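Me: Let us go through this structure by question and answer. Start with the ground rules, please.

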Amino acid sequence: MFYSKNLYKLKKVKHCFFSRKKGFSKGIYKSLNCGRGSRDKQKNIQRNLKFVAKKMMVKKANLILMHQTHSNKIFEVKKHNYRKKIIADAMITKMKNLAIGVLTADCVPILVYDIKNEIVGCIHAGWKGASSGIIDNTIKRIKKLNFNSKIYAGVGPCIGKKSYEVDTKFYKKFVSKSWRNKIYFTKKNKTKKLFNLRKFVTDKLLNLNVKVDHVNKDTYSEKSNFFSYRRSFKLKQKDYGRCISVIRLL
């Protein structure tokens, strides 16, 4: 379990970036796999989610997750809608008896808290969602609820720059959107570059005047701590687990 130093100091919010440890799943999903969309046994996933809910001090039914699609869609969780199927890549809420969570396996989990207005949020930020506006949409939605805001963000474990190898097609696609995006890449060899997803995401938060700190862990290289889509693909495994990051108001 890992924590944002900034969020940890704040008394009215509880959060955690959970590792893959202390769960009930077996094999490639060992052990705290919270990915309901994985091929893991549903019985084990539900036990894992129950463990997470207990740690967050909420009922399992009040641990709210999204169906994530790498979109820029944000969902505001309210009393009348929190039991619905939520198709989004970010959630915000003012409700105090709920915990909201994001699932990742290399993408960036971001947990946010507006200390002035007591609003929490969680964001699933892969390169696709981040480049199409998921971070901007979430922060702007919080500010829309009350412009007088002070927002903190904990940027969690994700694939590190040294592990994120991309081809020139990916690089050109990014740079075509803005030449400034060149700063997020370094050359590995003639055909490959390394992409700094953490910096790409962080800069978006900083540009929106969000106070940021990091759990600076690489999900790809730290096999014992985190699930990784890329690592599982490289090892030719049939599937992969997902880590969970959760936040709630107290």
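Reply: A polar contact is a pair of N or O atoms within 3.5 Å; within protein, one must be able to donate a hydrogen and the other to accept it, and residues adjacent in sequence count only if both atoms are side-chain atoms. The model is predicted: local features need pLDDT of at least 70, side-chain atom pairs count only at pLDDT 80 or more, and totals for chains, interfaces and linings use all residues. Side-chain values use heavy atoms, leaving out hydrogens and water, and residues are numbered from 1 along each chain as its sequence is written.

Me: How many Å separate the backbone nitrogen of K78 from a polar atom of the side chain of N81?

Reply: Helices (H or I, at least four residues) and strands (E, at least two) are DSSP runs, numbered from the N terminus. N81 sits in the loop between strand 3 (74–77) and strand 4 (90–93). A polar atom of its side chain faces the backbone nitrogen of K78 at a distance of 2.7 Å.

Me: Is N81 buried or exposed?

Reply: Contact means heavy atoms within 4.5 Å. Leaving aside neighbours within four places in sequence, N81 touches F75 and E76. Buried is under 20% relative accessible area, exposed over 50%, and partly exposed in between (1.4 Å probe, protein chains only). The value for N81 is 7%, so this residue is buried.

Me: Which strands stand at the edges of the open sheet of three strands?

Reply: Two strands pair if DSSP finds at least two bridges between them. The order is 9-11-10, with antiparallel pairing. Each edge strand has a single partner, so one side of each lacks a neighbour in the sheet; these are strand 9 (165–167) and strand 10 (185–187).

Me: What angle does helix 5 make with strand 9?

Reply: Axes are lines fitted to C-alpha atoms, for helices over the stretch in contact, and angles run from 0 to 180 degrees between N-to-C directions. In the sheet, the twist from one strand to the next averages 40°. Helix 5 (residues 168–177) packs on that sheet, touching strand 9, strand 10 and strand 11; its direction and that of strand 9 make about 80°.

Me: Which residue of strand 11 is the bridge partner of E165?

Reply: Strand 9 and strand 11 (residues 192–195) are antiparallel and share three bridges. The partner of E165 there is L194.

Me: Is the pair of Y184 and F200 stacked or edge-to-face?

Reply: Rings of Phe, Tyr and Trp (its six-membered ring) pair if their centres lie within 6.5 Å; planes under 30 degrees apart count as stacked, over 60 as edge-to-face and the rest as tilted. By this rule there are 18 aromatic pairs. The centres of Y184 and F200 are 5.2 Å apart with planes at 80°, so the pair is edge-to-face.

Me: How many residues apart are Y184 and F200?

Reply: Y184 is buried at 8%, and F200 is buried at 4%. Y184 lies in the loop between helix 5 and strand 10, and F200 in helix 6 (residues 197–207). The pair links distant parts of the chain, and the separation in residues is 16.

Me: Which charged residue sits over the ring of Y171?

Reply: Y171 belongs to one aromatic cluster, whose members include W127, F170, Y184 and F200. A charge sits over a ring if NZ of Lys or CZ of Arg is within 6 Å of the ring centre and within 35 degrees of the ring normal. At 4.6 Å from the centre of the Y171 ring lies the charged end of K193.

Me: Which residue of strand 8 is the bridge partner of Y113?

Reply: Strand 6 pairs antiparallel with strand 7 (residues 119–125) over seven bridges. Strand 6 also pairs antiparallel with strand 8 (residues 151–155), over five bridges. In strand 8, Y113 is partnered by Y152.

Me: What is the phi of K22?

Reply: Most residues other than glycine have a negative phi. K22 is in the loop between strand 1 and helix 2, and is exposed at 56%. Though not a glycine, K22 has a positive phi of about 70°.
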